[in-house]
Amino acid sequence: MLRALSHSHGGGEPAGTLRLDHAARHLRRKLVTTDQGEKIMVDLPEPVLFADGDRLLLEDGRAIAIVAAEEQLYEVKPGPACPLRHLAWHLGNRHLPAQIDEDRILIQRDHVIRAMLEGLGASVREIVARFQPVHGAYHAHGHDHGNGHGHSHDDAHDHGHHHHHHD
């Protein structure tokens with residue numbers, strides 16, 4: 001069985017693809033099966049949150065392209081009384097993964113959040129699309145937040161729970 005020991009952000013023509021939803025694109029050590037049926041042991045030195053188009057680099061020199069799977073989402077658009085920046089603040093305040101586009105925000109479906117957004121004056125529509133949420137600073141450092149990868153942090157760091165929100 002081949003192992004993937006490193007990764008890159010894009011690159012040449014891939015030897016295969018691995019279609020994963022947003023949650024499954026957070027990898028460190030896991031057995032995966034490519035869309036072509038090839039089994040690969042992902043064995044990275046630290047957790048990585050992959051984006052659509054990133055590559056797993058295999059020990060035989062080939063690359064497997066990560067493809068963002070389509071997911072059931074809400075498309076959130078601002079209303080006259082609630083601009084996009086206010087919607088983004090409310091979603092960010094709840095630490096929800098969100099893909100923020102020029103005129104809309106995509107989030108995973110949650111009927112409680114939908115009711116809140118509609119109460120704020122947003123229009124919310126169910127769609128199926130690829131989901132590529134904005135990642136905060138903590139993901140950039142490869143930190144694992146309870147996804148069962150079993151590593152420990154040797155460095156002390158603040159997770160920002162003492163932050164203030166300004167509107």
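**Order of elements**

I read the elements off from the N terminus, and they run β-β-β-β-β-β-β-α-β-β-α-β-α. That gives three helices and 10 strands in the protein chain. I note here that the model is predicted.

**Whole chain**

I looked up the burial next. The protein chain has 167 residues, and 37% of them count as buried. For the accessible surface I have about 9700 Å², with 51% of this belonging to carbon and sulfur atoms. I also checked how far apart in sequence the contacting residues are. Among contacts in the protein chain with a separation of 6 or more, 64% are between residues 24 or more positions apart.

**Six-stranded sheet**

I traced an open sheet of six strands and wrote down the order E2-E6-E5-E1-E4-E3. The pairing in this sheet is mixed. Its edge strands are E2 and E3, and each of them pairs on one side only. From one strand to the next, the twist averages 30 degrees.

Strand E1 covers residues 2–8 and strand E4 covers residues 39–49. The two run parallel and are joined by three bridges.

**Four-stranded sheet**

The order I recorded for the open sheet of four strands is E8-E9-E7-E10, and its pairing is antiparallel. Which strands stand at the edges here? They are strand E8 (98–100) and strand E10 (123–130). Each has a single partner strand, so one side of each is left without a neighbour in the sheet. The twist in this sheet averages 30 degrees from one strand to the next.

I took the pair E7 and E9 as my example. Strand E7 (residues 70–77) and strand E9 (residues 105–108) run antiparallel, with four bridges between them. In this pair I found Val76 opposite Ile105 in E9.

**Helices on the four-stranded sheet**

I asked next where H1 and H2 lie on these strands. H1 lies across E7, E8 and E9, and its direction makes about 25 degrees with E9. H2 lies across E7, E9 and E10, at about 135 degrees to E10.

**H1 against H2**

Two packed helices are described by the angle between their axes and the distance between the axes. Helix H1 spans residues 84–93 and helix H2 spans residues 111–119. They pack at an angle of about 150 degrees, and their axes are 11 Å apart. Angles over 145 degrees count as roughly antiparallel, so H1 is roughly antiparallel to H2. I noted the crossing of H1 and H2 as right-handed.

I listed the residues on both sides of this packing. From H1 there are Leu87, His90 and Leu91, which meet Ile113, Met116 and Leu117 from H2.

**His22**

I ended with a single residue. His22 sits in the loop between strand E2 (16–20) and strand E3 (26–33). Is His22 buried or exposed? Its relative accessible area is 13%. The cut-off for buried is under 20%, so His22 is buried.

I then looked up what His22 touches, leaving aside its neighbours within four places in sequence. The contacts are Leu49, Glu71, Pro97, Gln108, Phe131, Pro133 and His135. I placed some of these on the strands recorded above. Leu49 falls in E4, residues 39–49. Glu71 falls in E7, residues 70–77, and Gln108 in E9, residues 105–108.

Note on methods: Residues are numbered from 1 along each chain as its sequence is written. This is a predicted model: local features need pLDDT of at least 70, side-chain atom pairs count only at pLDDT 80 or more; totals for chains, interfaces and linings use all residues. Side-chain values use heavy atoms; hydrogens and water are left out. Buried means under 20% relative accessible area, exposed over 50%, partly exposed in between (1.4 Å probe, protein chains only). Contact means heavy atoms within 4.5 Å. Two strands pair if DSSP finds at least two bridges between them. Axes are lines fitted to C-alpha atoms, for helices over the stretch in contact, and angles run from 0 to 180 degrees between N-to-C directions. Accessible areas come from the Shrake-Rupley method with a 1.4 Å probe; for residues, only the protein chains shown count as cover. Angles under 35 degrees count as roughly parallel, over 145 as roughly antiparallel, 65 to 115 as roughly perpendicular and the rest as oblique. A crossing is left-handed if the near helix is turned anticlockwise from the far one by less than a right angle, and right-handed if clockwise.
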